[in-house]
Amino acid sequence: MSTILRTLRNIRRIGIKDYAHQMQNIGDTKAGTYIASDRFGNKYYENVEEELPLRTRWVDYKQTEYDPGQIEPGWHAWMSYLVDKPPSEDAVLRPGQRVWESSVHQPNLTASRAAFKTYSTVKPKTAAWEPVATPR
């Protein structure tokens, strides 16, 4: 949550349209430098001067129903402060399609109806105990 002065300053910098977009998606107003975008269309920003430490980098997801798994590994390292240079400037982390990578993002289906569920085809070795009560 930001203060009123910070919010008004950011509205002046980013405009009403981006202010409404940020409040709808991230619940806070942020103004910063556009760094780059990835192949999913997510936009990455940074503001070192005015934000709190470890809150200076953020992502604006392309989709409103976003999945944090949509951040590529190089961008995840940059967002987590593991590297100083973004992948657009670092030759090692440069985003590229590897042979083993899928070209289409598959969302994480954990805790959904489509999640993988294991099943066994082996007969159980134990049976549940059923108490037998003798009549009195």
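Here are a few notes on helix packing and salt bridges in this predicted model.

1. Ground rules: local features need pLDDT of at least 70 and side-chain atom pairs 80 or more, while totals for chains, interfaces and linings use all residues. Numbering starts from 1 along each chain as its sequence is written, and side-chain values use heavy atoms, with hydrogens and water left out.

2. Helices α1 (residues 4–14) and α2 (residues 16–25) have axes that come within 7 Å and cross at roughly 125 degrees. That makes α1 oblique to α2 (under 35 degrees is roughly parallel, over 145 roughly antiparallel, 65 to 115 roughly perpendicular, the rest oblique). Helices here are DSSP runs of H or I, at least four residues; strands are E, at least two. Between the two helices sits Gly 15, following α1 with a positive phi near 95 degrees.

3. Which residues of α1 are buried? Arg 6, Thr 7, Asn 10 and Ile 11 (buried is under 20% relative accessible area, exposed over 50%, partly exposed in between, with a 1.4 Å probe and protein chains only). They pack against α2, whereas Ile 4, Leu 5, Leu 8 and Arg 12 are exposed on the other side of α1.

4. There are three salt bridges (a Lys or Arg side-chain nitrogen within 4 Å of an Asp or Glu carboxyl oxygen). Asp 28 pairs with Arg 6 at 3.3 Å, N to O, joining the loop between α2 and β1 (33–37) to helix α1. Asp 28 is buried at 7% relative accessibility, and Arg 6 is buried at 14%.

5. Glu 72 bridges to Arg 39 at 2.8 Å between the closest N and O atoms. Here Glu 72 is buried at 9%, but Arg 39 is partly exposed at 41%.

Technical notes. Axes are lines fitted to C-alpha atoms, for helices over the stretch in contact, and angles run from 0 to 180 degrees between N-to-C directions. Contact means heavy atoms within 4.5 Å.
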